[in-house]
Amino acid sequence: MLKHDLITKHQHGFIKRKSVSTNLLECLDDWTLKLEGKYITDVIYFDFKKAFDTVCHSKLLAKLVSYSICGNALTWIEAFLCGRSQSVRIGQSISTPISVISGVPQRSVLGPTLFLLFINDLVDIFNDLPVSLSLFADDLKLYTCYKVDASHDDLQIAIDRLIDWARLWQLQIAIPKCFGFRIINP
């Protein structure tokens with residue numbers, strides 16, 4: 001996937017030589033340069049609620065096809081995702097199994113990779129906006145930098161697009177986990 005640039009360069013989760021630290025360092029570097037240039041930076045952190053558990057299988061498979069994943073590979077992935085069931089065990093008691101109709105298995109090698117492909121096109125909705133972003137799996141950091149006298153409604157436009165994208169792909173934003181801040185040179 002990396003060899004063929006299938007995963008966006010903005011993603012730091014589950015990627016070799018990338019981490020929470022590289023995510024933060026890249027942003028801090030950018031923010032510091034903007035601060036030195038007398039820019040104001042508005043930052044908003046977003047988290048998707050139970051993101052790995054709520055990935056719609058049919059929508060994920062459609063995205064995989066858009067990345068030219070087809071044939072036996074697609075059939076194998078579909079078999080990996082579909083037809084699963086789960087139950088709960090407490091002590092010696094086990095509940096009746098129920099079908100799993102969404103989500104990617106998190107304790108597998110393939111699960112996180114499938115999630116990255118599912119969320120990968122999120123960056124495309126911001127292409128024409130002067131906003132920057134950084135991803136770590138299901139966590140998104142959006143920010144914009146501007147001069148004091150400049151208009152800065154781009155971040156609100158980006159937020160509106162994010163909300164629309166999340167609705168379309170059936171991912172909920174975990175509002176209590178979201179927060180924002182402003183970086184300004186006093």
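Is Lys-38 buried or exposed? Lys-38 is exposed, at a relative accessible area of 54%. Buried here is under 20% relative accessible area, exposed is over 50%, and partly exposed is anything in between, using a 1.4 Å probe and protein chains only. I'll come back to that lysine in a minute.

Okay, some housekeeping. This is a predicted model, so local features need pLDDT of at least 70 and side-chain atom pairs count only at pLDDT 80 or more, while totals for chains, interfaces and linings use all residues. Numbering runs from 1 along each chain as its sequence is written, and side-chain values use heavy atoms, with hydrogens and water left out.

We've got 5 helices and 9 strands in the chain. Those are DSSP runs numbered from the N terminus, with helices being H or I of at least four residues and strands being E of at least two. If you walk along the sequence, the order goes α-β-α-α-β-β-β-β-α-β-β-α-β-β. The C-alpha trace spans about 60 × 40 × 30 Å along its principal axes.

There are 186 residues in the chain, and 41% of them count as buried. Now for contacts, meaning heavy atoms within 4.5 Å. Take the ones between residues at least 6 apart in sequence, and 71% of those join residues at least 24 apart.

As for charge, I have 20 positive and 19 negative side chains, with the centres of the two sets 8 Å apart. Lys and Arg count as positive, Asp and Glu as negative, and His and the chain ends aren't counted. Each charge is placed at NZ of Lys, CZ of Arg, CG of Asp or CD of Glu.

The largest pocket has a volume of about 330 Å³. It is lined by 16 residues, and the closest to its centre are Gln-86, Val-100, Ser-102, Val-104 and Pro-105. Strand E2 (85-86) and strand E5 (98-99) are the elements that give two or more residues to that lining. For the record, the search uses a 1 Å grid over the protein atoms alone, and a pocket is an open set of points with protein on both sides within 12 Å along at least five of seven lines; lining residues have an atom within 4 Å of a point. Points are joined across faces, edges and corners, and the volume is the space filled by probe spheres set on them.

Gln-86 comes up again with Thr-96. Thr-96 sits in the loop between strand E4 (93-94) and E5, and Thr-96 is exposed, with a relative accessible area of 65%. What does Thr-96 touch, leaving out residues up to four places away in sequence? Gln-86 and Ser-87. Thr-96 and Gln-86 are 10 residues apart along the chain, and their C-alpha atoms are separated by 8.3 Å.

Now helix H1, residues 20-36, which holds Ser-21 and also Cys-27. Ser-21 is partly exposed at 47% relative accessible area, whereas Cys-27 is buried at 2%. Setting aside residues up to four places away in sequence, Cys-27 touches Ser-134, Lys-141 and Tyr-143. From Ser-21 to Lys-177 you go 156 residues in sequence and 20 Å in space, C-alpha to C-alpha.

Most residues other than glycine have a negative phi. Arg-17, though, has a positive phi of about 65 degrees and is not a glycine. Arg-17 is in the segment before H1 and is exposed, with a relative accessible area of 71%. And here's Lys-38 again, with a positive phi near 65 degrees, in the loop between H1 and strand E1 (40-49).

Last stop, Asn-127. Asn-127 lies in the loop between helix H4 (110-119) and strand E6 (132-136), and counts as exposed at 61% relative accessibility. Asn-127 and Ala-158 are 31 residues apart in sequence, with 9.9 Å between their C-alpha atoms.

Methods. On a 1 Å grid over the protein atoms alone, a cavity is a set of points where a 1.4 Å probe fits but cannot get out, and a pocket is an open set with protein on both sides within 12 Å along at least five of seven lines; lining residues have an atom within 4 Å of a point.
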